[in-house]
Amino acid sequence: MGPFNTAIIEAMDDATAFKLRQLVRSRTTASLGTLHSGAPYVSMVPFALVSDGSAFILHVSGLAAHTSDMLAEPRVSLLIAEPEGSGVPPQALPRATVLGNARQLSAESTEYESARGAYLTRFPDSAPMFGLGDFSLFAIAPSTVRWVAGFGQALSLTPESFAKAVGGR
């Protein structure tokens, strides 16, 4: 059993994987949960996904509380949800909760350029921020993903099954 107190699945059907991929690829922001001075703290962050679906990429300022939080405690959570819509009960909104570990990427690391490329592909207007000294890239590698496709349609996924679904393979 995983942290969501349910069996973690290794694979899902194509239609369910498509819905998850569509959600993650269509949304550009997530709610980031960190520990801030020992208390829960949630902020909004733009995110990109590496092409194979193995990590989320954040480009964050050192001035933001969530940045120092991730450096102090790398265990984080991301929530990616469909926007509210007319006639759709909030409980039925598709959403993915990602538990993972955040890691600051060094500009000298082998993965930095591909992470930077993934981020700039999604947010080309943010290129000037890469010239600012207080911004850095973080990779969040999922450890478990809870995928709620709608009311009563919940699955817990391994990092591999999540990557396979959202990477499009």
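Predicted model: local features only at pLDDT ≥ 70, side-chain atom pairs only at ≥ 80, totals over all residues.
Which residues does Ile57 touch, not counting residues up to four places away in sequence? Ile57 is found in strand β5, and at 1% relative accessibility it counts as buried. With those sequence neighbours set aside, Ile57 touches Pro46, Phe47, Ala48 and Val50, then Ala115 and Tyr119, and finally Leu137, Phe138 and Ala139. One further distance for Ile57 is the one to Gln104, which lies 47 residues away along the chain, with 9.8 Å between the two C-alpha atoms.

The buried residues of α2, which covers residues 65-72, are His66, Thr67, Asp69 and Met70. Viewed down the helix axis, these buried residues of α2 fall within an arc of 160°, and so they line one face of the helix. On the face turned away from that buried side, α2 carries the exposed residues Leu71 and Ala72.

Helix α1, residues 14-26, and helix α4, residues 159-166, pack at an angle of about 80°, and their axes are 8 Å apart. Because angles from 65 to 115 degrees count as roughly perpendicular, that makes α1 roughly perpendicular to α4. On the α1 side the contact is made by Ala17, Leu20, Arg21, Val24 and Arg25, and on the α4 side by Phe162, Ala165 and Val166. Sorted by class, this contact has six nonpolar residues and two charged ones, with no polar residues.

How many salt bridges does the structure hold? There are two, and I will take them in turn. In one, Arg75 pairs with Glu73, where the closest N and O atoms are 2.9 Å apart; Arg75 is exposed, with a relative accessible area of 55%. In the other, the side chains of Glu111 and Arg103 meet at 2.6 Å, N to O. Glu111 is partly exposed, at a relative accessible area of 30%, and Arg103 is likewise partly exposed, at 43%.

I will finish with two loop residues. Ser37 sits in the loop between β2 and β3, and at 76% relative accessibility it counts as exposed. Its backbone may be worth a look on the screen, for the phi of Ser37 is near 55°, a positive value in a residue other than glycine. Gly152, for its part, is placed in the loop between β8 and β9, and it counts as exposed at 79% relative accessibility. Although Gly152 and Gln91 are 61 residues apart in sequence, their C-alpha atoms are 8.9 Å apart in space.

Conventions: Residues numbered from 1 in each chain as written. Heavy atoms only, no water. Buried < 20%, exposed > 50% of the residue type's maximum accessible area, 1.4 Å probe, protein only. Helix = DSSP H or I, 4+ residues; strand = E, 2+ residues; numbered from the N terminus. Arc of directions from axis to C-beta. Salt bridge = Lys/Arg side-chain N within 4 Å of Asp/Glu carboxyl O. Axes fitted to C-alpha atoms, helices over the stretch in contact; angles between N-to-C directions. Parallel < 35°, antiparallel > 145°, perpendicular 65-115°, else oblique. Contact = heavy atoms within 4.5 Å. Nonpolar A, V, L, I, M, F, W, Y, C, P; charged D, E, K, R; others polar.
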